[in-house]
Amino acid sequence: MLHRLKKLHGMTLAATDGEIGKVKDIYFDDVSWGVRYLVVDTGNWLSNRKVLISPRALRGVDWENDKIRVALTQQQVKDSPDIDDDQPVSRQKEAEFHTYYDYPLYWGEGFTWGPYPVLQDDAAGYVGAAELAERERYKIQSGDHHLRSASEVSGYHVRATDEAVGHIEDFLLDEDAWAIRYAVIDTAKWWVGRHIIVRPQWVSRVEWSDHTVTLDVDRAMVEASPEYDPAIVLSRDYESRLHAYYKRAPYWDGE
């Protein structure tokens with residue numbers, strides 16, 4: 001099932017021995033559009049310090065009760081590397097984070113999660129984080145930022161190849177892969193009350209400085225695309241029709 005990404009905002013994270021805070025933001029990478037970290041505000045517990053929590057640490061999301069179970073202790077979270085949520089998270093900081101938790105690095109292997117398209121409970125087959133970090137040290141550049149804030153990108157203007165069509169309202173999350181499958185576009189200024197969804201892979205260009213996303217199809221094609229109803233759970237039948245309309249291979253076939 002796919003879930004609205006904004007639903008994660010404000011959810012409480014429960015460690016094995018107590019609560020650790022609430023989700024403030026979500027960071028995804030702009031290459032695979034995989035969700036890399038939950039940005040958690042620890043509140044009074046750690047004097048409002050912000051910490052990163054990887055989807056690797058999650059052991060279940062209770063969407064009905066707004067709670068996320070985390071396979072970490074409060075002490076592990078307390079001792080984790082500091083972040084400055086007002087500054088981009090560098091690759092060095094990510095490598096430090098992965099080494100601390102002994103997580104494998106996700107980049108450089110071709111899929112959303114290293115050599116796998118979905119998260120694996122067993123990390124067998126991975127090189128250890130510290131070893132891989134050392135092996136690829138020369139590839140890690142301080143200016144190599146690929147993480148984006150979902151809160152910031154929500155609201156970006158969306159253009160077709162010929163003219164504007166709307167703005168990004170939200171994203172749809174695949175909980176199994178922890179990947180963004182669709183951007184939800186509000187076209188209210190152009191077609192009253194209408195929403196559409198598009199795959200991030202159908203974006204031809206993102207101007208991060210101008211807050212603009214450009215699709216690789218024209219406005220007429222977007223206007224005639226199957227309408228998305230945010231109040232209805234997205235079905236595989238709808239997804240199949242959407243991919244067929246755009247003449248694209250579906251992601252569940254290994255896109």
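Guide: A residue counts as buried when its relative accessible area is under 20%, and as exposed when that value is over 50%. The model is a predicted one. With the cut-off in hand, tyrosine 182 is a plain case: its relative accessibility is 0%, so this tyrosine counts as buried. Tyrosine 251 is buried too, because its relative accessible area is 10%. The rings of these two tyrosines have centres 6.3 Å apart and planes at 75°, so they make an edge-to-face pair. Tyrosine 182 belongs to strand β11 and tyrosine 251 to the segment after α6, so the pair ties together parts 69 residues apart in sequence.

Helix α6 covers residues 236-246, and its buried residues are Tyr238, Glu239, Leu242, His243 and Tyr246. Viewed down the axis of α6, the buried residues fall within an arc of 130°, so they line one face of the helix.

What do the buried residues of α6 pack against? Their partners are β1 (2-4), β11 (179-186), β12 (195-198) and α5 (219-223). Just after α6 comes lysine 247, with a positive phi of about 55°.

Strand β11, one of those partners, also holds aspartate 186. This aspartate is buried yet has no salt bridge. The nearest side chain of opposite charge is that of arginine 4, 8.6 Å away; a salt bridge would need a side-chain nitrogen of Lys or Arg within 4 Å of a carboxyl oxygen. A polar atom of the aspartate 186 side chain does lie 2.9 Å from the backbone nitrogen of alanine 188. Beyond neighbours within four places in sequence, aspartate 186 is in contact with Val165, Gly166, His167, Glu169, Arg194 and His195.

Back to the rings: the structure holds 13 aromatic pairs. One of them joins phenylalanine 97 and tyrosine 103, a tilted pair with 6.2 Å from centre to centre and 55° between the planes. Phenylalanine 97 is buried at a relative accessible area of 4%, and tyrosine 103 counts as buried at 11%. Both belong to an aromatic cluster formed by Tyr37, Phe97, Tyr100, Tyr101 and Tyr103.

Notes
Residues are numbered from 1 along each chain as its sequence is written. This is a predicted model: local features need pLDDT of at least 70, side-chain atom pairs count only at pLDDT 80 or more; totals for chains, interfaces and linings use all residues. Side-chain values use heavy atoms; hydrogens and water are left out. Buried means under 20% relative accessible area, exposed over 50%, partly exposed in between (1.4 Å probe, protein chains only). Helices (H or I, at least four residues) and strands (E, at least two) are DSSP runs, numbered from the N terminus. The arc is that of the directions from the helix axis to the C-beta atoms. Contact means heavy atoms within 4.5 Å. Lys and Arg count as positive and Asp and Glu as negative; His and the chain ends are not counted. A polar contact is a pair of N or O atoms within 3.5 Å; within protein, one must be able to donate a hydrogen and the other to accept it, and residues adjacent in sequence count only if both atoms are side-chain atoms. Rings of Phe, Tyr and Trp (its six-membered ring) pair if their centres lie within 6.5 Å; planes under 30 degrees apart count as stacked, over 60 as edge-to-face and the rest as tilted.
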